[in-house]
Amino acid sequence: MWAGCLNCGVTFYGSGKFCTEKCEDAFLRPPVTKPTAKKCQWCGKPSEKAFCSDKCRLENSGNGNIACVCEVCGKSFVGIYKRKYCSDECRTKGVAKTYAERRPDKCIVCGGPMPADYIGTCSKECQIKFNGRGGV
């Protein structure tokens, strides 16, 4: 019976799917390809490691000065990598705003209103229930 090799397409006489064992191996076990070349995470140059040099590694880790914009007042300033605030005053305001946005409006146990000085529960009683000492 005549058949066509699944790997190379050669017509051969036989009952198999491949003309030779070499074609069968090549079809069933394709060659392992080398991974694509890596690039420096900072500058994009070809590199075997995450960074091509100590300079790029240090700049990426926050030791390089770059232009930044304060998230609170919008002022431009020169700071280290990923810096959010231009001053301690803006940092305090920014952290307070983040905390206020994350703070729940209602008690997580009873659903009652949250006093300003509590974080997740509205009272000591709800805190005890939440922590499993009084049962919910």
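## Arg29 and its salt bridge

Arg29 is exposed, with a relative accessible area of 57%, where exposed means over 50%, buried under 20% and partly exposed in between, computed with a 1.4 Å probe and protein chains only. Its side chain meets that of Asp25 in a salt bridge, with N to O at 2.7 Å; the term stands for a side-chain nitrogen of Lys or Arg within 4 Å of a carboxyl oxygen of Asp or Glu.

The structure is a predicted model, in which local features need pLDDT of at least 70 and side-chain atom pairs count only at pLDDT 80 or more, whereas totals for chains, interfaces and linings use all residues. Residues are numbered from 1 along each chain as its sequence is written, and side-chain values use heavy atoms, with hydrogens and water left out.

## Overall architecture and confidence

The protein contains four helices and four strands, and when read along the sequence these elements follow the pattern β-β-α-α-β-β-α-α. Helices (H or I, at least four residues) and strands (E, at least two) are DSSP runs, numbered from the N terminus. Of the 136 residues in the protein, 19% are buried. The protein exposes about 10900 Å², of which carbon and sulfur atoms supply 55%; accessible areas come from the Shrake-Rupley method with a 1.4 Å probe, and for residues only the protein chains shown count as cover. Among contacts with a separation of 6 or more, residues 24 or more positions apart account for 1%, a contact being heavy atoms within 4.5 Å.

The average pLDDT of the protein is 80, and 87% of the residues score at least 70; pLDDT is the predictor's confidence in each residue, from 0 to 100. Among the elements, helix 1 (residues 21-28) has the highest mean pLDDT, at 87, while helix 2 (residues 54-63) has the lowest, at 71.

## Salt bridges in helix 3

By the salt-bridge rule, the count for the structure comes to three. Asp88 and Arg91 form one of these bridges, their closest N and O atoms being 3.8 Å apart, and both residues lie in helix 3 (residues 88-102), three residues apart, about one turn of the helix. Asp88 counts as exposed, at 57% relative accessibility, whereas Arg91 is partly exposed, at 42%.

Lys93 forms a salt bridge with Glu89, and here the closest N and O atoms are 3.4 Å apart. Because Lys93 and Glu89 are four residues apart in helix 3, about one helical turn separates them. Glu89 counts as exposed at 53% relative accessibility, and Lys93 counts as partly exposed at 47%.

## Aromatic pairs and a surface patch

The structure holds two aromatic pairs. Trp2 and Tyr13 form a pair that is edge-to-face, at 5.4 Å centre to centre and with 70 degrees between the planes. This pair links distant parts of the chain, since Trp2 lies in strand 1 (residues 2-4) and Tyr13 in strand 2, 11 residues apart. In the pair of Phe18 and Phe27, the ring centres are 5.3 Å apart and the planes stand at 50 degrees, so the pair is tilted. Rings of Phe, Tyr and Trp (its six-membered ring) pair if their centres lie within 6.5 Å, with planes under 30 degrees apart counted as stacked, over 60 as edge-to-face and the rest as tilted. Phe18 counts as buried, at 15% relative accessibility, while Phe27 counts as partly exposed, at 40%.

Trp2 counts as exposed at 61% relative accessibility, and Tyr13, which lies in strand 2 (residues 11-13), counts as exposed at 61%. Together with Met1, Trp2 and Tyr13 form a nonpolar patch on the surface, with about 470 Å² of accessible area in total. Patches are made of residues with over 30% relative accessible area and no salt bridge, joining like charges within 9 Å and nonpolar side chains (Val, Leu, Ile, Met, Phe, Trp, Tyr) within 5 Å.

## Cys73 and its surroundings

Cys73 sits in the loop between strand 3 (65-69) and strand 4 (76-80), and Cys73 counts as partly exposed because its relative accessible area is 45%. Leaving aside residues up to four places away in sequence, Cys73 touches Cys86 and Cys90. The C-alpha atoms of Cys73 and Lys93, which are 20 residues apart along the chain, are separated by 9.7 Å.
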